[in-house]
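Open the model in your viewer and keep the selection panel at hand. The tour goes from one selection to the next.

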Amino acid sequence: MDVAMTLGAFNATFSEEFINLASEAAASTSIPELVFSLIIYFLMATLALQIYREVSKIYSFMEYDGLKYFKNAFLFYGFANLFPATLTFALLLAKSSASATLYLLAVVLLPLFFLTGLSFLFAKVNLLSSIIWKLVEGVVRTKTRRTLFFLSVMLLVLVDGAVYLLVLAVAGNYLALGYKAFIFVLILLLIRSNMRSGEGTKTITHPYYLGLILIFTLSFLGNFSIIIEDNHELVGYALDFLTLIAYAIILKGVKKWSRILLG
Amino acid sequence: MKPFQKRSRLEIIRDILTVIRDSNSSISPTKLLRFSNLSYQMFEEYLGELEGKGLVELKPYKGKRKIYSLTEKGRLFLEKYEDFVSFLRDFGL
């Protein structure tokens, strides 16, 4: 079968709009931008997966459920960065303007968007579950209740997204941001309560929780992009850079504690 | 601990393991239930979980009687408990 026949078959499968969407996506960014994004996504995925590996070691020893959610969160953050890295790579290939690579991009574009969104959702639900766990661990004892707990947190995250969009549509940008700020403060209070719970008044010697707070802060700051009209790209780079810092802080802490606990 | 403050799940596990360790790693289920300050249902649940995770084991003792003893994993868990709690606090978990 020759190339022309193969492309003909693809043409029959994909509508012209779909191919146009792929070529527009490829045309809207420059090669240096794509290379830079590819490096950033790859770095973030590597750090997140390294955190997952280290926390898994600690989890296999202590088997604490709160930690299971924490480790899974970083597995999904790893995936959530690997999928856009693949997409960026496909865009780079499509830049070569060969028709076959454009068709390849058309094939992977929507599935990768979908998988990235799904990974971010699961990462967020797992991270939130890990900080809520201490509050509910006394009640959520059976496997069924654990599943129900996880599904409730997922519902909470989805409802939060729906409420945000509703407020955004009805009351405008600033009230929507106010709503997000309220949720952000609740999360900070939850982290604070975790740090103060338990016996004794031991002070925290290494503030690795700042990495976690930074991830939630960035998730909150991401909402500001709707009111920033200029310098979108600059804001995006800044958020990526801060995410890398957050992952680096967490990885440093996890590696240190892994040495202490398993060494 | 503050008076009347509820113990967390980890604290209960630590208390059960400490009671077993302090009795030379051999204690009858009845005695362990009394010292662990739990209801019978909760006690069953926790001990089932600890056995499942390989932290304690139920051994036959002098014929029909049985005793709980600490496994190597349970002893290590107890040794590292304080560090693990510090790890969780460092991360706000």
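Two residues are in contact if their C-beta atoms, placed from the backbone, lie within 7 Å. Select chain B against chain A with that cut-off: 20 residues of chain B are in contact with 27 residues of chain A. Helices here are DSSP runs of H or I with at least four residues, strands are runs of E with at least two, and both are numbered from the N terminus. Now colour α1 (9–22) and α4 (72–90) of chain B; each supplies at least two residues of the side that touches chain A. The largest share of that side, 9 residues, comes from α4(B). Colour the touching side of chain B by class next: 8 residues are nonpolar, 3 polar and 9 charged. Nonpolar covers Ala, Val, Leu, Ile, Met, Phe, Trp, Tyr, Cys and Pro; charged covers Asp, Glu, Lys and Arg; the others, Gly among them, are polar.

A note on the source. This is a predicted model, in which local features need pLDDT of at least 70 and side-chain atom pairs count only at pLDDT 80 or more, while totals for chains, interfaces and linings use all residues. Residues are numbered from 1 along each chain as its sequence is written, and chains are lettered from A and ligands numbered from 1 in the order in which they are written.

Colour by pLDDT, the predictor's confidence in each residue from 0 to 100. Chain B has a mean of 87, and 95% of its residues reach 70 or more. The model scores ipTM 0.78 and pTM 0.83.

Chain B has 4 helices and 2 strands, in the order α-α-α-β-β-α along the sequence. Its C-alpha atoms fill a box of roughly 50 × 30 × 20 Å along the principal axes.

Zoom to the strands. β1 (residues 56–61) and β2 (residues 65–70) of chain B run antiparallel, joined by 6 bridges; strands pair if DSSP finds at least two bridges between them. Pick B:P60: its bridge partner in β2(B) is B:K66. The two strands form a hairpin with 3 residues between them, and B:K62 in the turn has a positive phi of about 45 degrees.

Last stop: B:T71, in the loop between β2 and α4 of chain B. Is B:T71 buried or partly exposed? B:T71 counts as partly exposed because it has 18 C-beta neighbours inside 10 Å. The cut-offs are 20 or more other C-beta atoms within 10 Å for buried, 12 or fewer for exposed, and partly exposed in between, with C-beta atoms placed from the backbone. Beyond four places in sequence, B:T71 touches B:G54, B:L55, B:V56 and B:E57.
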